[in-house]
Amino acid sequence: MRATFLPMAAVMIVAGGNPAFSGTAVVDKLWEPGSQLRICFKGGDLEVRRHIAEIATEWTQYANIRFDFGSPNQNFNSCITSELSDIRIGFERSGNFSYLGTDSKRKSTNSELTMNFNINDVNAKSGLTRSIVLHEFGHALGFINEAQSPAARCEEDLIIDRLRSKFAWAVESVESNFRRIEGAHPFTAFDPQSIMMHPIPPELLKNGIESACYSRTNTQLSELDRSAAALAYPQKGKAAGVVRSAVVLTSAELQSRRPFRESLISAGVISQDELLLLFQSDQDSSPGQVIDRAIKLLDEVVQTERNKAQAGPLLDAIKALDNGDSVTAIHILLNLGPDASAEAYLILTQVYLREAKDTGDLSEAQRWVRASAERRHKIGQYVLGELYSFGIGTAQDYEQAVTWLERAAEQRFIPAQLSLARIYMGRDSPVRDFEEAARWLRNAVEEESPEAKAKLAILLDQGLGETRGAAADIYTLAAEAASRELAEAEFFVGLLLADGLGVNADVKKAIESIERASSKGVGGAQAVLAHAYETGLGVPEDDAKAMQLYEQAAKADYPYAQYKLGLEALPPNQVGAPSGASLEWMTRAANNGYAEAQLKLAELYRDGVAKSDGFEVQVDPVASQLWFDLAWLNGTNDVRDAAENGRVQGAATLSRTQWAEARRRAADWVTEREIQGPTQQLSAAGLVGRLFGDLPNAKRVSSGSGVIVNKVGYVLTNHHVIQECLGLSIWKDGRHSPVESGPFDTANDLAVLRLKTSSSVSARLRETVGTPIEKGQMVVAAGFPLPDVLGEFEVRVTSGEINAKSGPQTNASWLQHSANIQPGNSGGPLFDAAGNVVGIVNEKLRHEVAPNTFFAIKSNIAAEFLEVANVPFERGRLSRTLTTEDIGKFADSVTVRVDCWR
C-alpha cells in the first residue's frame, strides 16, 4: 500500500466554524459550481501529463466543474510564476498528496505546488495510476478521505503501531489520513468502495477481514462518489446540496440517489418500501371501523339538516333521533314515500348502520344508502363505494366500489378521492394502477387535502404512476402536509431535508421534523432518530437517548428497533448479563420478518448460551435450521450469504425427520405472518417453492380439493389438506399451476391459496341473510375424490340434500348433508341449487364421527374467514334453480385439485 496523505492543515476544521459534508466533502472548501479550474504541471513528460488529464476529467462527468489542462499539442499548461493557476501539480516528492479544495488558492503562493504525484506511480496507464489520480483530484475538489467520514469507524479499528511501522509514518500522517472529523454531518453512508477510501489490508485492522474498513485498491468512482460530486457541484441554475440550496441531480441515474436515506437502508434501519407502506396500509379497515367512519360522516348530514330544516317530517324525525327514539324516526322517514330527499335516505342509512353494529344485518342500510347514491348524493355514493370496497354486508366488488367512488370523487369529495387512491395503490388490489392513484391524488391536492399531498409526494419520490417528480415539487407537497401536523409527512420531510432534496439541506431541521413524527408514534421515525443518536448522525451521540427511542419503536412493533434491543444484551455484544427480555425482543423482530434477527436467532439456537443469571438458550438444531432458512429467504447480501452457510452446514447434521420439521415450521411461520398482516415481502409460495427444491426425492403424498373464490385467483380449501405439506401445487385446466400459501384458520379448518395467474370465473358464497340454509334443500358436492382409484384429472360431483343445519354436537358452524364424499373431496365446494357455495366439504370429519355422515363448513363461516384474511369474494342468493347438469359444468370451471408434496 502506498502512502497517500494530506498536509495536516488541509483537513483541520477551523475552530468556531460550522462545516458540513456532502458525501465526505468539506463544504467551505468547495469551488463554485460551474468554475473552470486552471491546472498546470511542473515536471513530468507529455505522456504522464496526458494520463493524468484523461483520468482526472472523469470527475467532470458528474460534477459541474471544468478542468483546463491546456492543449496537449503544447505539452499542456506548465507552471510559471507569472501565470495564476488553481491547481499546481509536481513530481518532486516521494508521496502522492493534494491540498483540499480551495485551500490550494487560500493557503499557498502561486509558486507553491498544491498536488504531487510520485512519478513511478503515474508513468503508465494502470489501475494504480487511475486510483491515485482520481483520489488526489477528489481531494482537490474538496472531498476528504473516506475513512475520516463521521459515518466511518475506522480510527478505532486500526492497529496504529502496526500501521506506523509498516509505512514508516509519523503520528501526524496517521491522524491526517484516518482521524475522524467530528462536528460534521455525513450525507452518504460509509462507502468502502469509494475512490476516496485508502486500501487497508486486514492485518492492519483489529477485526481483520471482518472489519467494515477492510478495503482493496479502488480504481473507479463508486456510485456514491458520483452522487456526492453531483450534489456538491450541481448544474447551472441548480443550487448545490448541503449549504447552497435544493439538489436536483444531473442525470436519471443520479437523480434516484437518496444518500441519507440510503445510509439508513444500508444500516437496515428502514427498508426500500418503508415510505410507500406509510401511506399504503389499509389501517382502520375492519367492518366495525368502516361503519363507524360512515356513521360519523352521516352525523354531518344530520347536523346540516337540523340547522336548515323547516318545521315538518324531516325535522320531526331528527328530533326523535335526538330523543333516542329511532323507531319513531324510522316510521316518519319511511312515510315520506318515493318523494323523500336523498338526505332523508341518508338519515335512514345512519339509523340502520347503528342497528347493524348490534345485529350484523346491513341489508336495510344498504338499501337506503343505495337510494341516496342513486339520487346523486356524494356522501351516499361514497359510503356505498366503501361498503363494496371492503366487502361489508355484501360481496367485495372492486368494480362496483370504483364506480360509486368515482361518482362521488367527480363531485370533488375528498374522502372518495382518497379511497380511490387507496384502492389503486393497494398491494393486493386486482385493479392496482399507480397512474390512476396519482390522478385522483392530484384532484384531492387541488382541494388542499394534506393526506393527498403526502401520498402524492411519496408516489413522485418513488417514480410510481408518473415519472419521478422534481425535487422541489416533492418537498413542497410533503412540507404542506407536514404543516398540518400529519406525522408520516413530518417523517418524510425530515428525510428530504437531510438529503437536500427540493430544499436547502439542513440536518438540524431534518432531525427536528423526524422528532415530531417520532413523538406521534411513527415507528420508522423513532428508529431513525435512535440510529442518529447512536451514531452521531446529525446529533451528538447519546446512547441512553438512542436506547430509549429504540424501546419506543420496538413497542410500536418496529422490527429494526426490536432487533437492536435484542442485540444490546446478547453475546457477544452484551452490556451486563443477557436476559430473557433480550431474547424476546430478538424473537419478535425475527417474527416480524427482520432477516438479521432471524440470522442471530439461528446462531443462538445453533451454539446455545450457557446459563447465566437465569438466562439460557439451549441448543435446538431444528429451530436453528428454521431461522437459517428464513434468514436465507428473507435476507440480502451478507445476511443471505451467512444464512446460506449456516443452513447448508445445519442440514448436514439433521435427520430427515428433523429437516422436514424445520421446513414445515418455516411454511407455518409464513402463513401465520400473512394472516396477521405481513411486515415483509416474503410469501409462503416463495418460501415453500424454494425450499421444496432442496427436498430430495420429493413426491406427491396426498391431495384434496379447493374452490376458486375470486378472479384474482384465490382458492379456498381445508387447512388439514395443506398442513403437513412441504410443497404445494394446484391441478387446473389440464396442468399443474404454482400456488402461494396464504392465511389459514385452524379452528374452522380453512385455508387460502393463491394461483400465480388470474381466473376468468369464480364461485359465489351463499348469502345466508334473507335466504337461510334449510333442511331438505338440494346440494351438489364437487371435488377430486380417491384420485389414485377413480382418476386424478376430472372433477366429480355427487348430489344430495341438507340433512341438518348443524354438525357434530350441534356445532352451528357446520351443516350435515347426504352428498357422498370420499378422501380427496376435502376443501371442495358444496353448491346449492343456484350454484352458490353453501359449504366447504370436510371429508376428514366423516372418519371422526361416523362413516356415512357427511359434513361441510357453512358458507357464512367461510365468508367471515375471508373477510378477516382480506380476501375479496362475492356473495350470491338462492334466487334461481339450476339443473344438476348446469351445476356440474360450473363446478368444472371453479373446482381445483390441491396436491401436497413431501
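This is a predicted model: local features need pLDDT of at least 70, side-chain atom pairs count only at pLDDT 80 or more; totals for chains, interfaces and linings use all residues.
In strand β5, Arg88 is the bridge partner of Cys40. Side-chain values use heavy atoms, with hydrogens and water left out.

Let's stay with the pairing. Strands here are DSSP runs of E with at least two residues, helices are runs of H or I with at least four, and both are numbered from the N terminus. Two strands pair if DSSP finds at least two bridges between them. Strand β3 pairs with β5 (residues 87-90) in the parallel sense, over 4 bridges. β3 also runs parallel to β4 (residues 66-68), joined to it by 3 bridges. On that side, Gln36 stands opposite Arg66 of β4.

How enclosed is β3 (residues 36-42)? Largely so, because 5 of its 7 residues are buried, meaning under 20% relative accessible area with a 1.4 Å probe and protein chains only; over 50% is exposed, and in between is partly exposed.

Now hop along to two loops. Leu786 sits between β17 (778-783) and α34 (787-790). Leu786 isn't a glycine, yet its phi is positive, at about 40 degrees. With 29% relative accessibility, Leu786 counts as partly exposed.

Gln809 is in the loop between β18 (796-804) and β19 (814-817). Here too the residue is something other than glycine, and phi is positive, near 55 degrees. Gln809 is exposed, with a relative accessible area of 81%.

Conventions
Residues are numbered from 1 along each chain as its sequence is written.
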